[in-house]
Amino acid sequence: MTWTVSPERFDSPDAALLRRDYYDEVASRYWGRPATAEEIEDGLTDDGAERLLPPTGQFVVGRHEGRAAGCAGLLLVDGGTAELTRVFIRPAFRSTGGGGLLLAAVERAARGFGVTRIRLDTRHDLVEARGLYAKHGYEEVPAFNRGPYAEHWFAKEL
């Protein structure tokens with residue numbers, strides 16, 4: 001089973017569907033019920049995804065056997081720091097190695113931008129994500145923001 005990961009516009013057809021699936025999952029988990037189409041659309045509206053393009057960031061799509069299976073974004077914060085965002089693997093493709101490949105692709109992109117540190121925030125209920133980050137060298141750090149959904153903060157020096 002083969003994974004490929006490459007930069008892609010956040011609004012390409014595959015990327016747009018992956019972003020929709022991402023928001024569906026995180027909203028559904030947060031609310032403890034299936035997210036409505038309106039809630040998903042609200043999450044996607046004005047979410048800043050347009051910044052996930054050079055020179056302010058990068059979006060990558062992972063494909064498993066050619067099928068769009070996951071995504072991740074990188075958003076530049078300043079000259080040396082970027083934030084990891086929108087990391088998602090469709091459930092059918094989890095535990096197949098794609099998460100690590102997405103992180104590696106984002107880290108390569110970050111180095112290309114001259115970034116030396118990647119940070120992120122996540123929620124308590126996103127246990128799989130926290131495990132993925134820890135497995136790939138991200139360490140918990142003190143809070144660096146006060147986002148409404150930020151409950152754990154991680155960083156990795158590149």
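Student: How many salt bridges does a search of the whole structure find?

Tutor: A salt bridge is a side-chain nitrogen of Lys or Arg within 4 Å of a carboxyl oxygen of Asp or Glu. A search of the whole structure finds 15 of them. This is a predicted model, in which local features need pLDDT of at least 70 and side-chain atom pairs count only at pLDDT 80 or more, while totals for chains, interfaces and linings use all residues. Residues are numbered from 1 along each chain as its sequence is written, and side-chain values use heavy atoms, with hydrogens and water left out.

Student: Which residue forms a salt bridge with Asp11?

Tutor: The partner is Arg9, with the closest N and O atoms 2.9 Å apart. To describe the setting, one uses relative accessible area: buried means under 20%, exposed over 50%, and partly exposed in between (1.4 Å probe, protein chains only). Asp11 is partly exposed because its value is 38%, and Arg9, at 44%, is partly exposed too.

Student: Where do the partners Arg90 and Asp21 lie?

Tutor: Arg90 is in the loop between strand 4 and helix 3, and Asp21 is in helix 1, 69 residues apart. Their side chains meet at 2.6 Å, N to O. Arg90 counts as buried because its relative accessible area is 18%, whereas Asp21, at 30%, is partly exposed. Elsewhere, Glu25, Arg29, Arg94 and Glu128 are linked in a network of salt bridges.

Student: What is the order of the strands in the open sheet?

Tutor: Strands of a sheet pair through backbone hydrogen bonds, either parallel or antiparallel. Two strands count as paired if DSSP finds at least two bridges between them. Here seven strands form an open sheet in the order 1-2-3-4-5-7-6, with mixed pairing. Strand 1 (3–7) and strand 6 (139–140) stand at the edges, each with a single partner strand, so one side of each is left without a neighbour in the sheet. Strand 2 (residues 57–64) and strand 3 (residues 67–76) pair in the antiparallel sense over eight bridges; Gly57 has Leu75 of strand 3 as its bridge partner.

Student: Which strands does helix 1 lie across?

Tutor: Contact means heavy atoms within 4.5 Å. Axes are lines fitted to C-alpha atoms, for helices over the stretch in contact, and angles run from 0 to 180 degrees between N-to-C directions. Helix 1 (residues 13–31) lies across strand 2, strand 3 and strand 4, running at about 85 degrees to strand 4.

Student: Is Thr122 buried or exposed?

Tutor: Thr122, in strand 5 (residues 117–122), counts as buried because its relative accessibility is 6%. Leaving aside neighbours within four places in sequence, Thr122 is in contact with several residues, including Ala129, Tyr149 and Phe154.

Key. Helix = DSSP H or I, 4+ residues; strand = E, 2+ residues; numbered from the N terminus.
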